[in-house]
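Good morning, and thank you for the time.

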Amino acid sequence: MAQHSENSEKIPAQTKEIWRTFWILLGITALEFLIAFTVDADHYKWTKVGIFIILTIVKAYFIVAIFMHLGSEVKALIWTVVLPCIFVVWLVVALIVEGGYIGLERLFFN
Amino acid sequence: MASANTSTTAEHLFWKGGVQPMKVGYGKLMMWIFLLSDTFTFSALLISYGLVRYSFPTFEGLRKNFEFSTTWWPIPERVFEAVPFLHGISAPLVFVGIMTFILIMSSVTMVLAVEAGHRRDKADVEKYMLWTILGGFAFLSSQAWEWGHFIHGTEEGLTLANGVKVFGANLVQNQYGPPAFADFFFFITGFHGTHVLSGVVLNVLIFYNTANGVYEKRGHYDMVEKVGLYWHFVDLVWVFVFTFFYLV
């Protein structure tokens, strides 16, 4: 009986959370544009960069946790994915600093 | 009887059921592992961009006085300020904004297709898969236009120190800045675009199978979910490319 009613009646779609996430993502992107055009880049360049990086990570969180459903998986899977990504941060910092030194070398030896 | 068990595979290697590792299906788990490896590839590309970018000097003066030169790294919003059909109008980042919106929107229709798959609603899965495919094509066409504009450059071009005029960008010369800037642009957005293209192909396959009732017969729409993961990943990468290539 249960099987029968499941097939004949349409289950209502549960899209509330999906659309909520959509509006959050759209809102953050709009905010990024607002900051890009209104905040004076000559004086607040690194503040802007910092805000952009934070907002990007917030966006990434919503895409991965809600759209990709990682938030509702078991802890072991969450850490399997998140932990290696955290180590990438080290590489980002290390190589960008390194880039600065390469630039200095170029300045001195040219 | 005993010989059948011990013939090729050792007894302890058989997995005898129970809850699957990490409580996800094999395909989905492998998709996550693949996406993790893809994350490393894209990280490597974006980090190399960061390294080369900070090895070049930045423009010293105020931003309103900014000029293009092959000595310093360009300010991205000065490079990407063209919009189709609005020739000669400076609209920094507007077109990339539209592309970002298209990709976020197609991610939403994808997750709606996955949700419809959970309900085993064939018509809804088909509808949302079609929208997702459309979004993918819209994004790819936008990128093609953007590449075309970047390759052809502006009418003024850039005059180098030796008097040679350079128009547009390719792998060896670049009117907007050091050639490395163009190289990274082509490599990073190109690699991402290739991912979008393969995503569209996979989405078409999923749509085809859904329309033919393959998943209905199978009893579940797990394939929609697996391909959905890949599609969201493509969107995720774009979020990072957008920030680190266009905004910062």
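Across the interface of chain A and chain B, the rule finds one salt bridge. It joins the side chains of Lys28(B) and Glu73(A), with an N to O distance of 3.2 Å. Please bear in mind that this is a predicted model.

How much area is buried between chain A and chain B? The value is about 4,500 Å², and carbon and sulfur atoms give 79% of it. In terms of contacts, 50 residues of chain A meet 50 residues of chain B. On the side of chain A, the residues that lose the most area to chain B are Phe33(A), Phe67(A) and Met68(A), and together they account for 13% of what that side buries.

Let me turn to chain A by itself. Its domain assignment gives domain 1, residues 1–72, and domain 2, residues 74–110. The C-alpha centres of these two domains of chain A lie 25 Å apart.

The largest pocket has a volume of about 1,300 Å³. Of the 40 residues that line it, the closest to its centre are Ile57(A), Ala60(A), Cys85(A), Val89(A) and Phe240(B). Two or more lining residues come from each of α3 (45–67) and α4 (75–109) of chain A, and likewise from α2 (26–55) and α8 of chain B. Which element gives the most to this lining? It is α2(B), with 12 residues. By class, the lining of the largest pocket divides into 34 nonpolar residues, five polar and one charged. Why can one say that the largest pocket lies between the domains of chain A? Domain 1 and domain 2 of chain A both give residues to its lining, so the pocket lies between them.

The second largest pocket holds about 510 Å³ of space. It is lined by 22 residues, and those closest to its centre are Glu81(B), Ala82(B), His149(B), Thr154(B) and Glu155(B). Here the elements that give two or more residues are α3 (76–79) and α5 of chain B. The lining of the second largest pocket comprises 10 nonpolar, eight polar and four charged residues.

Rolling a probe the size of a water molecule over the atoms shows where empty space is left. The structure holds two cavities of 30 Å³ or more.

The largest cavity contains about 70 Å³ of space. Its lining draws on both chains: Phe67(A), Met68(A) and His69(A) are on one side of the list, and Lys28(B), Val111(B), Val114(B), Glu225(B), Gly228(B), Leu229(B) and His232(B) complete it. In chain B, α4 (94–118) and α8 (222–247) are the elements that give two or more residues, and α8(B) gives the most, with four. The classes are five nonpolar, three polar and two charged.

Around it are Val79(B), Phe80(B), Glu81(B), Ala82(B), Trp145(B), Glu146(B), His149(B) and Phe150(B). Helix α5 of chain B, residues 122–152, gives the most to this lining, with four residues. Five of the lining residues are nonpolar, one is polar and two are charged. Glu81(B), Ala82(B) and His149(B) line this cavity and are also among the residues closest to the centre of the second largest pocket.

Note on methods:
Residues numbered from 1 in each chain as written. Chains lettered and ligands numbered in written order. Predicted model: local features only at pLDDT ≥ 70, side-chain atom pairs only at ≥ 80, totals over all residues. Heavy atoms only, no water. 1 Å grid on protein atoms, 1.4 Å probe; cavity = no way out; pocket = protein on both sides within 12 Å on 5 of 7 lines; lining within 4 Å. Points joined across faces, edges and corners; volume = space filled by probe spheres on them. Nonpolar A, V, L, I, M, F, W, Y, C, P; charged D, E, K, R; others polar. Domains from an automatic or database assignment. Contact = heavy atoms within 4.5 Å. Buried area = accessible area lost by both parts, 1.4 Å probe. Salt bridge = Lys/Arg side-chain N within 4 Å of Asp/Glu carboxyl O.
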